[in-house]
Amino acid sequence: TYPIRLIVYLSCSLFFANLFFLLSFYLYNTMICITCAMVLHYFFLADFIWTFCIAFNFYQMIVRRKRDVETYEKKYHMCAWGLPLIPVVVLVSIKGYVNTGGFCYIDSGYAIYFAFRLPGLVIVMANAVLFFLIIYE
């Protein structure tokens, strides 16, 4: 069914996020350390956005009582796979990915707050709002 497909997309994103999380420990002394950090960051942000897409889908089905929610799938894909590119490209341009000594990820400081924690917090808060709207219904 359609909601299960959305969960499969989230699961694929989670799989690759965790795969590159593990790989970043083993590849920190190689040439692809920064690439691994970029891909890891990208898939973690995609995970956040997929959770929002699923929550928004439930909101549309339960609160708004829309049954043709499959029309949103292309928009979900554009958001979940496209939006994470923005902070990744910004960090690449300012050299925000570093080898932290045994692990490759975002340089500490403002970069991690604005490129990971802030988007994650905004999405978690939006998911909470949707959750309460669904529960209220």
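Ser13 is buried, with a relative accessible area of 0%, where buried means under 20% relative accessible area with a 1.4 Å probe and protein chains only. The model is predicted, so that local features need pLDDT of at least 70 and side-chain atom pairs count only at pLDDT 80 or more, while totals for chains, interfaces and linings use all residues. Residues are numbered from 1 along each chain as its sequence is written, and side-chain values use heavy atoms, with hydrogens and water left out.

Ser13 belongs to helix H1, residues 2-26; helices (H or I, at least four residues) and strands (E, at least two) are DSSP runs, numbered from the N terminus. A polar atom of the Ser13 side chain lies 3.3 Å from the backbone oxygen of Phe43. When neighbours within four places in sequence are left aside, Ser13 is in contact (heavy atoms within 4.5 Å) with Phe43, Ala46, Asp47, Trp50 and Trp81.

Along H1, the buried residues are Tyr2, Leu6, Tyr9, Leu10, Ser13, Ala17 and Ser24, and they pack against H2, helix H3 (73-82) and S2. The 25 residues of H1 should span 36 Å at 1.5 Å a residue, and the end C-alpha atoms are 37 Å apart, which agrees; the expected span is 1.5 Å times one less than the number of residues.

The nonpolar cores are sets of buried Ala, Val, Leu, Ile, Met, Phe, Trp, Tyr and Cys residues joined through side-chain atoms within 4.5 Å.

| Core | Size | Some members |
|---|---|---|
| Largest | 18 residues | Leu91, Tyr97, Tyr105, Ile106, Ile112, Phe116 |
| Second, separate | 13 residues | Leu6, Tyr9, Val69, Ile123 |

The members named for the largest core are those with the most contacts inside it. Two or more of its residues come from each of helix H2 (33-62), helix H4 (85-93), strand S2 (104-106) and helix H5 (110-136), and H2 gives the most, with six residues. Ile106, with neighbours within four places in sequence left aside, is in contact with His41, Leu91, Gly96, Tyr97, Val98, Ala111, Ile112 and Phe116.

The largest pocket has a volume of about 280 Å³. Of the 14 residues that line this pocket, Ile49, Phe52, Cys79, Leu83 and Ile123 are the closest to its centre. H2, H3, H4 and H5 are the elements that give two or more residues to the lining, and the largest share, five residues, comes from H2. On a 1 Å grid over the protein atoms alone, a pocket is an open set of points where a 1.4 Å probe fits, with protein on both sides within 12 Å along at least five of seven lines, and lining residues have an atom within 4 Å of a point.

Key: Buried means under 20% relative accessible area, exposed over 50%, partly exposed in between (1.4 Å probe, protein chains only). A polar contact is a pair of N or O atoms within 3.5 Å; within protein, one must be able to donate a hydrogen and the other to accept it, and residues adjacent in sequence count only if both atoms are side-chain atoms. Grid points are joined across faces, edges and corners, and a volume is the space filled by probe spheres set on the points.
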